[in-house]
Amino acid sequence: MTEIIDGNAVASEIREDLTDAIETLADAGARPGLATVLMGDDPASETYVNMKQRDCEEVGIESYHVDVGGDASPETLYDEIAALNENDDVHGYIVQAPVPDHVDYREVIRRVDPAKDVDGFHPENVGRLVAGDARFRPCTPHGVQKLLESAGVEIEGKDVTIVGRSDIVGKPLANLLIQKADDGNATVTVCHSRTNDLAEKTRSADIVVAAVGVPELIDGSMVGDDAVVIDVGVNRVDADTEKGYELVGDVEFESAKKQASAITPVPGGVGPMTRAMLLYNTVKAASLQEGIDVSLP
């Protein structure tokens, strides 16, 4: 019978495990602080920020928020970033994507203090990850690793096909899974829009990670017998519901479930893990900056 990997349950366990580390920091006079920066009024981004603030409150992380008008100049945003870099109460922060078109997001990332870059996107942190000395693992790829671990999936020696080559998921996850480490040692294929015969690549994989942002691109015919399927995609599609839409992944769940030995649902799979690992990185950042050793899950 196919195992449905419950991201909500795993994320809840990680949040509970983080409370010990947060208490250790608090006993030493340091409370982890996470800031969110939102430029503009994108409804989805506002929802994500609100959820992250609630997560902080739940585990005892101090939450800060900065609103920047969508028509503000890039320099206005850069000034806010500089202030967060200098604020000792803020151990980590994120600039919620997307930013308005007149702002270069890559420049935004370059201005974030790498020691406070709890997204793990700064070039210095990307380089450290590739070199096998990660300061912060990007939240979604790290969450995928934790889900595989929770399901008892052996990574070493397995063939993994990642569909999607984004800087946020595909590239860093590939780098993590090929590392010489207990949660690595896989053989990884990264597929993208120019890949020939995508179905052949996915069917031959022991583990398929779909992270391309195309609704239900991967169906059961593209999944090998007893493969593990991790669906990172979250897509809104029109539906006859009260909201007028429903959320689906990059995997056609019902057909893929018949083939897979384990699979993540959408919603309730990878999404909660991304937020949990942001808290993880914030606690780690506080530990490093304050010079206080803590035990992390």
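## Contact between helix 2 and helix 10

In this predicted model, helix 2 contributes Met-51, Lys-52, Asp-55, Cys-56 and Val-59 to a contact with helix 10, where the partners are Arg-275, Leu-278 and Leu-279. Sorted by class, the residues of this contact comprise five nonpolar and three charged members, with no polar ones.

Helix 2 spans residues 43-59 and helix 10 spans residues 270-290; their axes come within 10 Å and cross at roughly 55°. An angle of 65 to 115 degrees would count as roughly perpendicular and one under 35 degrees as roughly parallel; helix 2 and helix 10 are therefore oblique to each other. The crossing of helix 2 past helix 10 is right-handed.

## Domain division and annotated regions

The chain is divided into two domains, with domain 1 covering 28-115 and domain 2 covering 139-271. Taken over C-alpha atoms, the centres of domain 1 and domain 2 are separated by 28 Å.

Two annotations come from an unreviewed UniProt entry. The record assigns residues 5-119 to "domain: Tetrahydrofolate dehydrogenase/cyclohydrolase catalytic". In the model, residues 5-119 are 50% helix and 16% strand, and the C-alpha atoms at the ends of this span are 24 Å apart. The record also assigns residues 138-288 to "domain: Tetrahydrofolate dehydrogenase/cyclohydrolase NAD(P)-binding". Residues 138-288 are 34% helix and 19% strand, with end C-alpha atoms 17 Å apart.

Most peptide bonds are trans. Pro-98 belongs to the loop that runs between strand 4 (92-95) and helix 4 (105-111).

Another cis peptide bond links Val-266 and Pro-267, where omega is about -5°. Pro-267 is placed in the loop between strand 11 (262-263) and helix 10. Helix 10 is also the element that supplies Arg-275, Leu-278 and Leu-279 to the contact with helix 2.

Most residues other than glycine have a negative phi. Asn-185, a residue other than glycine, has a positive phi near 65°. Asn-185 is located in the loop between helix 7 (170-177) and strand 6 (187-191).

Notes: Residues are numbered from 1 along each chain as its sequence is written. This is a predicted model: local features need pLDDT of at least 70, side-chain atom pairs count only at pLDDT 80 or more; totals for chains, interfaces and linings use all residues. Side-chain values use heavy atoms; hydrogens and water are left out. Axes are lines fitted to C-alpha atoms, for helices over the stretch in contact, and angles run from 0 to 180 degrees between N-to-C directions. Helices (H or I, at least four residues) and strands (E, at least two) are DSSP runs, numbered from the N terminus. Angles under 35 degrees count as roughly parallel, over 145 as roughly antiparallel, 65 to 115 as roughly perpendicular and the rest as oblique. A crossing is left-handed if the near helix is turned anticlockwise from the far one by less than a right angle, and right-handed if clockwise. Contact means heavy atoms within 4.5 Å. Ala, Val, Leu, Ile, Met, Phe, Trp, Tyr, Cys and Pro count as nonpolar, Asp, Glu, Lys and Arg as charged, and the others, Gly among them, as polar. UniProt positions are given in the numbering used here, feature names are shortened, and annotations may be inferred rather than shown by experiment. Domain bounds come from an automatic or database domain assignment.
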